[in-house]
Amino acid sequence: MAGLDTTHPAISDLRRAAKRRLPHFVFEYLDSATGDHEAGVKVNRQGYDALQFLPSVLHGHAKPDLRTTLLGFEFARPFGMAPVGMSGLIWPDAERLLAAEAQHLRIPYCLSTVATQVPERVGPVAGDMGWFQLYPPAKREVARDMLKRAKDSGFQAAIMTVDVPADSRRERQRRANLTIPPKITPAMVWSMLTHPRWSLGTLRTGRPSLKLAEDYAQGSGTADYMNHPGKAIRGYPDWDDLKAVREDWDGPLIVKGVLRPEDAARLKEEGVDAVWVSNHSARQFEGGPSALSTLAPIRAVVGPDYPLIFDSGIDGGLDIIRALNQGADFVFLGRAWHFALAGLGPEGVRHLNHILTEDLITNLAMLGAHNLLDVRGLTPFKKDLVPSRV
Ligand SMILES: Cc1cc2nc3c(=O)[nH]c(=O)nc-3n(C[C@H](O)[C@H](O)[C@H](O)COP(=O)(O)O)c2cc1C
């Protein structure tokens, strides 16, 4: 990895590489948040930067074990690949390429309901590292069938995402003229011609579309099917829908997109096995606090042993440490894996794993932590805790 360590030492380098290789409308789809100023992205970043620690000295040579057990599964690292809709638009065959890398790295891969591949094509590649993400469709029998297909394809856990009660405006994405499925404009044709690696790959794998949703939308008779099969089947879930999903999935059930402590407490009561704290990286709502700052209050209400997962704007190993310190048991990244794949191919995905691993180990050593669990007990730095005169 020496070469990539020099040319691409950080996630920002992977992002730049992806930007170079992707048509503009594709990059904007992957990278944009909601709101004209995308304030939520900055707030998320500020939340991480504001959580500081004092390094601790004379702890010898720490060789931390990064293996993590969550929901009875063992993973090689405390991080995984979050569900990303239309992943195969971002890079040809992305779902299967990422799932294969996740299997190789022994970290979880989440397949979105609105992926460009059906569970049957991805499950065997993900092996025992696959989780299936559900946007519950309006019809319960459709949700039930999707879950059954996921289970039959080998997916180990189900994630119900609850933070998309409406489509967000995502102004930057709109300016790039992205519709799902993409409507081809002259500017897009130009952009595709000038990004041949993406275009030739897409020609080879075929026009990306919402394959799973299409299987159900055809019979729905919904007028806008031709525009968007995801819309044709979409539901607007409430607590009764959660109960239904709980009944229809007998494996580990995770609910993703939670920020309020009272919601987390109720989800626990309803028999959900883990809560996934996330603000969707500010792609849905830009008026909230940093995602990181919501973790500790949620940990306080669900108790010390209830599994909490976290994502939104993680940019390296130190951010992972911050999330674990605030109460997360495990974290996910969404965009970064796609920057890595689009920018450098599968080798980039392995390189991102290396960046996160090395950054985690280095920062654990700086903090005098010999393993991941030590991180929970660290007291973040506060000005008034430091003696003003020694
Ligand atoms: C392009 C894109 C598409 C996404 N699609 C989904 C999705 O289909 N289902 C879902 O639960 N979350 C989706 N997410 C949210 C991610 O799962 C995750 O919460 C978020 O990307 C984490 O933040 P990060 O990208 O800063 O790591 C999407 C995110 C992106 C960037």
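How many helices and strands does the protein have? It has 19 helices and ten strands. Helices here are DSSP runs of H or I with at least four residues, strands are E runs of at least two, and both are numbered from the N terminus.

Hello everyone, and a quick word on ground rules. This is a predicted model, where local features need pLDDT of at least 70, side-chain atom pairs count only at pLDDT 80 or more, and totals for chains, interfaces and linings use all residues. Residues are numbered from 1 along each chain as its sequence is written.

Let's start with the overall form. The radius of gyration, taken over C-alpha atoms, is 21 Å. The globule rule, 2.2 Å times the number of residues to the power 0.38, gives 21 Å for 390 residues, so the protein is as compact as a globular protein of that length. Along the principal axes, the C-alpha trace spans about 75 × 50 × 40 Å.

Of the 390 residues, 49% count as buried. Buried means that 20 or more other C-beta atoms, placed from the backbone, lie within 10 Å of a residue's own; 12 or fewer is exposed, and in between is partly exposed.

Now, to the ligand. It is surrounded by 23 residues, and the closest are Ala 82, Gly 85, Ser 112, Ser 281 and Gly 334. To be near, a residue needs its C-beta atom, placed from the backbone, within 6 Å. The shell divides into nine nonpolar, ten polar and four charged residues. For that count, Ala, Val, Leu, Ile, Met, Phe, Trp, Tyr, Cys and Pro are nonpolar, Asp, Glu, Lys and Arg are charged, and the others, Gly among them, are polar. Helices α3 (24–31) and α18 (335–344) each supply at least two residues of this shell.

Finally, please find two residues in the loops. Asp 93 sits between α5 (87–90) and α6 (94–105), and Ala 282 between β8 (274–277) and α16 (295–302). Neither is a glycine, yet Asp 93 has a positive phi of about 65° and Ala 282 one of about 60°. Are they buried or exposed? Asp 93 counts as buried, with 20 C-beta neighbours inside 10 Å, and Ala 282 is buried too, with 26.

For contrast, look at Pro 9, in the loop between α1 (2–7) and α2 (11–21). Pro 9 is partly exposed because 14 other C-beta atoms lie within 10 Å. Its C-alpha atom is 9.8 Å from that of His 354, 345 residues apart along the chain.
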